[in-house]
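Below are some notes to read with the structure open beside you.

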Amino acid sequence: MVKNMKVLQINIFGNLSTGRIAVDLYNVLKNNGHQGLVAYARNTISAGIPHYVIGTKQNVYIDALLTRITDRAGFFSKSATIKLIEQIKRYDPDVIHLHNLHGYYINVEILFNYLKSSGKPVVWTLHDCWAFTGHCCHFSAIKCDRWKTQCHDCPQRHSYPASYVDRSESNYLRKKQLFTDVKDMHIVTVSKWLEDITRQSYLSQYPIETIYNGIDTSIFKPTKSNIKEKLGIKNRKIILGVASTWSINKGLKDFIELNKLITSDYVIVLVGLSKKLPNNIIGLSRTKDVNELVEFYSAADVLFNASIEETFGLPTVEAMACGTPAVVYNCTALPEVVSEDSGRIVEANNIKQVWKVIQEMSGNPLIKEKIVDNAKRYEKDFQYQKYLDLYSRIVNKECGK
């Protein structure tokens, strides 16, 4: 292992989802005697984490507006990116670790031209598919495979990063030219499913390996909870859904359909949702902190992940770590994280089967200890040690394709 490596991470968020991953990875670096810096653009970051804020809120708003008008996601924020590169030069890291580069905060052309000229080793963790499409972050729901050869006439131009026009063809060519032929870049995917997809893209020229997202099992664990009392639902069984952003592809309509089937001794609780719902579905915009989220996971009788586009499925693993079984669809990466000991895999959008399986698990509950044990393989120190090993191999020039 190389002594005292310096790793600079670049990500859209300082917290939430991929931001939490970047912070956890920094802590693993620090605990192993290395240094790190997290460069991010939006939200805040945990106290004590060395960081650099990319651009300003105004910069993000302007970038988002221009993207909506032009369909050029990733090609604005020039000034913010130039300043970021100045910071990278000052910090002089041994490895530059990229996370999500979409999100209205960075100019990938300026960034990748610098990466190609700098000779710095690069690790790029793909949390979705945006890196090799002309527009979208996910394409499984519409069964689009244009990304394999040449994006054009994008059927999802109104989806994030939404635009009034379609420039998917030129975006694809421009991104392909920028993202290929980086001298020393290594791709990490967060699931075997995403690894397989990436190997079919123009990024297949790089070494690719899977490192699952990690969770803190000292936080995500079975916990005494009074959530049912707080919500006034007494002894009813909770079917829980959790998402940072709800959409059709995250399964919101499926929960509404499931609500028509469930009996009065069950209740659906959705976290991360503020829109109006049927009266007997409980929706909460967000939990006040991660500890309250753990209480929700622990209080739930089942976690239903109704998404049809998941590159990993973090809420599923978090719920299992809290001893709660999961029901997931048989598509994208979700079947990788659920076993017979920790939940059930059902046919996508088959709501009757979902309800049947939930009832069966209630009548013959899974063993909580086995559910927790299944989630322990995603413990962050175990997973993120793999990043440290990768950094070391890169710095020591031990990586091959």
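1. Let's start with a helix pair. In this predicted model, helix α1 (residues 18–31) packs against helix α14 (residues 380–395) at an angle of about 70°, and their axes are 9 Å apart. An angle from 65 to 115 degrees counts as roughly perpendicular, and α1 and α14 are therefore roughly perpendicular to each other.

2. Which residues make the contact between α1 and α14? From α1 come Ile21, Asp24, Leu25, Val28 and Leu29, while α14 brings Lys380, Asp381, Tyr384, Gln385, Tyr387, Leu388 and Tyr391.

3. The largest nonpolar core holds 115 residues, and Ile10, Leu101 and Phe112 have the most contacts inside it. Leaving aside residues up to four places away in sequence, leucine 101 touches Ile10, Ile106, Val108, Leu111, Phe112, Trp124 and Trp130. Another core, of 16 residues, lies apart from that one; Met5, Leu25, Ile211 and Leu390 are among its members.

4. Now the whole protein, which has 14 helices and 13 strands. Its radius of gyration is 21 Å, close to the 21 Å from the globule rule for 401 residues, so the protein is as compact as a globular protein of that length. The C-alpha trace spans about 65 × 50 × 40 Å along its principal axes. Of the 401 residues, 57% are buried. Taking contacts between residues at least 6 apart in sequence, 68% join residues at least 24 apart.

5. Some backbone details deserve a look. Most residues other than glycine have a negative phi, and most peptide bonds are trans. Against that background, the peptide bond from tyrosine 160 to proline 161 is cis, with omega near -5°. You will find proline 161 in the loop between β5 (122–126) and α5 (168–179).

6. Serine 77 is not a glycine, yet it has a positive phi of about 55°. Its place is the loop between α2 (57–70) and α3 (78–91). Is serine 77 buried or exposed? Its relative accessibility is 7%, and buried means under 20%, so serine 77 counts as buried.

7. Aspartate 92 also has a positive phi of about 55° without being a glycine. This residue sits in the loop between α3 and β4 (95–98). With 44% relative accessibility, aspartate 92 counts as partly exposed.

Key. Residues are numbered from 1 along each chain as its sequence is written. This is a predicted model: local features need pLDDT of at least 70, side-chain atom pairs count only at pLDDT 80 or more; totals for chains, interfaces and linings use all residues. Side-chain values use heavy atoms; hydrogens and water are left out. A nonpolar core is a set of buried Ala, Val, Leu, Ile, Met, Phe, Trp, Tyr and Cys residues joined through side-chain atoms within 4.5 Å. Buried means under 20% relative accessible area, exposed over 50%, partly exposed in between (1.4 Å probe, protein chains only). Contact means heavy atoms within 4.5 Å. Axes are lines fitted to C-alpha atoms, for helices over the stretch in contact, and angles run from 0 to 180 degrees between N-to-C directions. Helices (H or I, at least four residues) and strands (E, at least two) are DSSP runs, numbered from the N terminus. Angles under 35 degrees count as roughly parallel, over 145 as roughly antiparallel, 65 to 115 as roughly perpendicular and the rest as oblique. The radius of gyration is taken over C-alpha atoms; the globule rule is 2.2 Å times the number of residues to the power 0.38.
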